[in-house]
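Hi,

Here is the structure I promised to pass on to you. Have a look at it first, and my notes on the strands and helices follow below.

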Amino acid sequence: MGKARILVVEDDADIQQLVSYNLIKSGLNVSCADSGEEALQIMDREQIDLVILDLMLPDKDGMEVCTILREKPDKAGLPIIMLTARSEEDDIITGLACGADDYVTKPFSPRILIARVQALLRRKQNKLPGDAESDPETITLHSMIIHRGRHEVLVAGRQVHLTVTEFTILEQLAERPGWVFTRQQIIDRIRGYDYLITPRAVDVQIFGLRKKLGPEGAQIETVRGIGYRIKEQR
């Protein structure tokens, strides 16, 4: 994890310096961008493992940058943390809906931000706490093949590009077909650190996951008043 490169996209010089200092202190490599356009250029030429993305930028805002990245197949699974002063629930939901994996509001604790970064990097490397070493690398269910180590999902032979969070949710549901997971259980699995996230945010992630899976998205069922499950293989 110490070799991971983090891109900090922030136009406030003081915040950029604060975030960069703490990331470097934690043993991570850091690149910085002052605008959305510069961030996209950096990602075209550098191998970036995670992006910390400010919402309010002078040209392309964080939402637009996030959307552009999620439309690129090679960036679909790139972990993205939104860092912004907007703390209203609707703003958080909008950020998650455009593809962000996490959302940190200003003012923030550098220690908590670093914990979030490390949690997402662990999830990207498929080292989730509680995963048994004996778990198979591949889950085959319906017309889906979920490969943990490759962070790859195939539906009827077609590759589906998921965010880290979407992949984690699908993996959790597919591990126990027919088993109902509450929204809180899903939050506990995806969050990586104790922080506030609303059940509505889980619904947004499920909606995006179903959409990307196409017809197979119907295999994910809503259990009213409880949570979600994926249908058992017939």
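β11 and β12 make a hairpin with 3 residues between the two strands. In the turn sits Gly225, whose phi is positive, at about 80°. The model is a predicted one, so please read that angle as a computed value. If you want a pair to click on, Thr222 has Tyr228 of β12 standing opposite.

Next, the open sheet. How many strands form it, and in what order? There are 4, in the order β6-β7-β8-β9, with antiparallel pairing. Because β6 (138–141) and β9 (158–160) are at the edges with a single partner strand each, one side of each has no neighbour in the sheet. From one strand to the next, the twist averages 20°.

Within this sheet, β7 (residues 144–147) pairs with β8 (residues 152–155) over 4 bridges, in the antiparallel sense.

Helix α6 (residues 164–175) lies across β6, β7 and β8, and runs at about 110° to β7. Helix α8 (residues 199–213) lies across β7, β8 and β9; its direction is at about 165° to β9.

Best wishes

Note on methods. Residues numbered from 1 in each chain as written. Predicted model: local features only at pLDDT ≥ 70, side-chain atom pairs only at ≥ 80, totals over all residues. Heavy atoms only, no water. Pairing = 2+ DSSP bridges. Axes fitted to C-alpha atoms, helices over the stretch in contact; angles between N-to-C directions. Contact = heavy atoms within 4.5 Å.
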